[in-house]
Amino acid sequence: MLTMNASTKRLCLDADMGESFGVYRHGNDAELIPLITSANIACGMHAGDPSVMARTVELAIAHGTCIGAHPGFNDIWGFGRREMNMPTKDIEYLVTYQIGALQAIAGAKGATVDYVKPHGALNNMAHYDPEIASAIARGIRAADRNLIFVANCLSEMVTSGQDQGLRVIHEAYCDRQYLPNGCLMPRAMKNAVISDPGIAVERTLLMLERQELEAFDGTKLTTPIETFCIHGDESSALPIAKAIRKSCEKNNIPTATIADMARP
């Protein structure tokens, strides 16, 4: 496994949280939240409901975890991972609506929402479609212009967020492979999801140190990388998070939240 010398770089680790619904439990939030620095909380469209959102906010508060909204398509059946053809205005309002729901629940608990990170198919489509990316950015700005936009590295969301005057944080993935164009490898492709903690840790440390993505074919893509995402619904999420935190301790790499990373 790769090791690093003491580094001035900080590692920000975010994960998708609150993706249960009603009596159905998805993910392992209680064990995962203490290991991450920032929680992307589902807002009731692709997953989550008011009670799940409230419980997840409480967990984040208890562990000092930064809170972010994780809006997706209105597609609980497909877990927000099916592409939907929607007018961009509808996407804009859908994003604002979900942010507002989490802001209200967080506010009732004495917490604030610091950032927004799109989910699933919405996130994937906005990676390459500037109109969808712009709709998301406008939706975020309409909710609160001080919100941070967590955007895929090398995506149209980076440009759209900056155009809307939002603070943009560039995100890479610990547990996913990349295509040579910088997009995530589709889940239907073999080995798209990385479940081996050792491989995930090595990739994460390399991305942090070199500030570049590496595609499955070896293509290297230079980009700022400010936060790393783990998919909380994967069975490998907990062992990967544990391995990453252990590696940070071993290599004297400090951790930071998305809010920390956004400060000058």
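Angles under 35 degrees count as roughly parallel, over 145 as roughly antiparallel, 65 to 115 as roughly perpendicular, and the rest as oblique.

First, the background. This is a predicted model, in which local features need pLDDT of at least 70, side-chain atom pairs count only at pLDDT 80 or more, and totals for chains, interfaces and linings use all residues. Residues are numbered from 1 along each chain as its sequence is written, and side-chain values use heavy atoms, with hydrogens and water left out.

Let me begin with α7 (residues 197–210) and α8 (residues 237–250). Helices here are DSSP runs of H or I with at least four residues, strands are runs of E with at least two, and both are numbered from the N terminus. The axes of α7 and α8 come within 9 Å and cross at roughly 50°. An axis is a line fitted to C-alpha atoms, for helices over the stretch in contact, and angles run from 0 to 180 degrees between N-to-C directions. The two helices are therefore oblique to each other. On the α7 side the contact (heavy atoms within 4.5 Å) is made by P197, A200, V201, T204 and L205, and on the α8 side by P239, I240, A243, I244 and S247. Of these residues, 8 are nonpolar, 2 polar and none charged. For the classes, Ala, Val, Leu, Ile, Met, Phe, Trp, Tyr, Cys and Pro count as nonpolar, Asp, Glu, Lys and Arg as charged, and the others, Gly among them, as polar.

The second pair is α2 (residues 50–62) and α3 (residues 88–108), which pack at about 55° with axes 9 Å apart. That makes α2 oblique to α3. This crossing is right-handed. P50, M53, A54 and V57 of α2 meet A101, L102, I105 and A106 of α3. That contact has 8 nonpolar residues, no polar and no charged ones.

Staying with α3: its 21 residues reach 31 Å from first C-alpha to last, close to the 30 Å expected at 1.5 Å a residue. The expected span is 1.5 Å times one less than the number of residues. Which residues of α3 are buried? They include I91, L94, V95, L102 and I105. Buried means under 20% relative accessible area, exposed over 50%, and partly exposed in between, with a 1.4 Å probe and protein chains only. The buried residues of α3 pack against β2 (38–42), α2, β3 (66–70), β4, α4 and α5. Just after α3, G110 takes a positive phi of about 80°.

Now α5 (residues 130–143), whose 14 residues should span 20 Å and whose end C-alpha atoms are 20 Å apart, which agrees. Among its buried residues are I132, I136 and I140. The buried residues of α5 pack against α3, β4 (115–116), α4 (120–128), β5 (148–152) and α6 (156–163).

A42 lies in strand β2 and is buried at 0% relative accessible area. Leaving out residues up to four places away in sequence, A42 touches M17, G18, E19, A47, G48, M53 and H70. T223 sits in the loop between β8 (220–222) and β9 (227–230), and is buried at 5%. N124, in helix α4, counts as partly exposed at 35%.

Notes. A crossing is left-handed if the near helix is turned anticlockwise from the far one by less than a right angle, and right-handed if clockwise.
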